[in-house]
Amino acid sequence: MAKMKLKDLMAATKDFSKENIIATGRTGTMYKASLTDGTFLAVKRLHDSQHTESQFVAEMETLGSVRNRNLVPLLGFCVAKKERLLVYEYMPKGSLYDSLHPPEGQERVMEWPIRLKISVGAAKGLAWLHHSCNPRILHRNISSKCILLDDDYEPKISDFGLARLMNPVDTHLSTFVNGEFGDLGYVAPEYARTLVATPKGDIYSFGTVLLELVTGERPTHVSNAPDKFKGSLVEWITHLSNTSLLQNAVDASLTGKGYDSELLQVMKVACACVQPVAKERPTMFEVYQLLRAIAERYHFTADDDILLPPESTDADYLDELIVAK
């Protein structure tokens, strides 16, 4: 992994100009960087980090060694006075959020097989962080904004490890600082009470992403709900589930095209992920296995790498979710 010069990154981003901003988030701002050879990179300018330079470099070496097909690779970094910059591979299709929720007047063009491919790949990347990565990493800020897409719509998770980078705390059970929990609509309900991040919190957030993929709705506002409904996407889905009307939530552009069974199966997986009681949610490995089984006919994971399973897997529970209608 390369250590890069501040002046080169400033030149490539035109001094961090607003026109080159790709995304902004809790941990920093991402810029598109244009190199002299015509290629592109993504540069993340972090908000104030609490690490010393030596601690930051050590963290970079750890994050730089984390490699998986469904994670955005960290290519380099820069430390200069108070500046902390991360350099990533550039993802030409942008974020999943932008694809699902384009600006008003632009048509959303995402057929179900592409959405299912994204759900499987993103689940694989997050399961790898939870179960196979060394050290294991909690993401703590999963949303459709941090799932980026390459030219083939292969999803890659970004911003993993950054919560630990911003606040030097333990990897596994990390206490939140300043009451910041993540993007609205994705935060597990127990976080407000415990202020502690756990794998089950990541799973809740990922379940919300799955609901976005199936419904096409934003996590905080549901356009398809009755006017009197003012809750979040999860609250709306919970309401429909209790009244056996889940099919009403499916994105209308996807229905009647031969995918209805898959849509409802993924919806069931999502509902399991957003259970209000954390211990009732599946593990990320189980979520990945469920989605891979639903998508078996598409052969998305023909070159799958082996994930280490969790210590215990309830096969009957998985089967029940898969066949649920």
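This is a predicted model: local features need pLDDT of at least 70, side-chain atom pairs count only at pLDDT 80 or more; totals for chains, interfaces and linings use all residues.
Serine 232 sits in the loop between α7, residues 199-215, and α8, residues 233-242. Is serine 232 buried or exposed? Its relative accessible area is 18%, and the cut-off for buried is under 20%, so serine 232 counts as buried. Leaving aside residues up to four places away in sequence, serine 232 touches Pro219, Thr220 and Val222.

Now the whole protein. There are eleven helices and ten strands. Of the 325 residues, 52% are buried. Take the contacts between residues at least 6 apart in sequence: 65% of them join residues at least 24 apart.

Next, the sheet. Six strands form an open sheet in the order β1-β5-β6-β4-β3-β2, and the pairing is mixed. At the edges are β1, residues 2-3, and β2, residues 21-24, each of which pairs on one side only.

I will go through some of the pairs. β5, residues 74-80, and β6, residues 83-89, are antiparallel and share six bridges. In that pair, glycine 76 is opposite valine 87 of β6. Helix α2, residues 53-64, packs on the sheet and touches β1, β4, β5 and β6. The direction of α2 makes about 175° with that of β5.

β6 also pairs with β4, again antiparallel, through five bridges. Here arginine 45 stands opposite leucine 85 in β6. On to β3, residues 28-34, which pairs with β4 in the antiparallel sense over seven bridges. Methionine 30 faces lysine 44 of β4 across that pair. β3 and β4 make a hairpin with five residues between them. In the turn, glycine 38 has a positive phi of about 90°. As for cover, five of the seven residues of β4 are buried, which leaves β4 mostly covered.

Now the interior. In soluble globular proteins, nonpolar side chains tend to be buried together. The largest nonpolar core here has 81 residues. Which of its members touch the most others? They are Leu86, Trp112, Leu129, Phe206, Ile237, Met267 and Leu291. Helix α4, residues 112-132, gives this core its largest share, ten residues. Apart from this core lies another one of ten residues, including Ala12, Leu41, Cys78 and Leu85.

Stay with α4 for a moment. Its 21 residues should span 30 Å at 1.5 Å a residue, and the end C-alpha atoms are 29 Å apart, so the two values agree. Of those 21 residues, 17 are buried, so α4 is largely enclosed by the rest of the structure.

Helix α9, residues 260-273, can be checked in the same way. It has 14 residues and reaches 20 Å from first C-alpha to last, close to the 20 Å expected at 1.5 Å a residue. Ten of the 14 are buried, and α9 is mostly covered. Among the buried residues of α9 are Glu262, Gln265, Val266 and Met267. What does methionine 267 touch, not counting residues up to four places away in sequence? The answer is Leu211, Val214, Thr215, Ile237, Leu246, Ala249 and Val250.

A few backbone details. The peptide bond from asparagine 134 to proline 135 is cis, with omega near 5°. Proline 135 is in the loop between α4 and β7, residues 147-149. Arginine 140 is also placed in the loop between α4 and β7. Its phi is near 75°, a positive value in a residue other than glycine. Arginine 140 has 8% relative accessibility and counts as buried.

Lysine 14 has a positive phi too, near 55°, and is likewise not a glycine. Its place is the loop between α1, residues 6-12, and β2. With a relative accessible area of 54%, lysine 14 is exposed.

Last, the aromatic rings. Searching the whole structure gives four aromatic pairs. One involves tyrosine 298 and phenylalanine 300: the ring centres are 5.2 Å apart and the planes are at 5°, so this pair is stacked. Phenylalanine 300 has a relative accessible area of 21%, which makes it partly exposed.

Terms used. Residues are numbered from 1 along each chain as its sequence is written. Side-chain values use heavy atoms; hydrogens and water are left out. A nonpolar core is a set of buried Ala, Val, Leu, Ile, Met, Phe, Trp, Tyr and Cys residues joined through side-chain atoms within 4.5 Å. Buried means under 20% relative accessible area, exposed over 50%, partly exposed in between (1.4 Å probe, protein chains only). Helices (H or I, at least four residues) and strands (E, at least two) are DSSP runs, numbered from the N terminus. Contact means heavy atoms within 4.5 Å. The expected span of a helix is 1.5 Å times one less than its number of residues. Two strands pair if DSSP finds at least two bridges between them. Axes are lines fitted to C-alpha atoms, for helices over the stretch in contact, and angles run from 0 to 180 degrees between N-to-C directions. Rings of Phe, Tyr and Trp (its six-membered ring) pair if their centres lie within 6.5 Å; planes under 30 degrees apart count as stacked, over 60 as edge-to-face and the rest as tilted.
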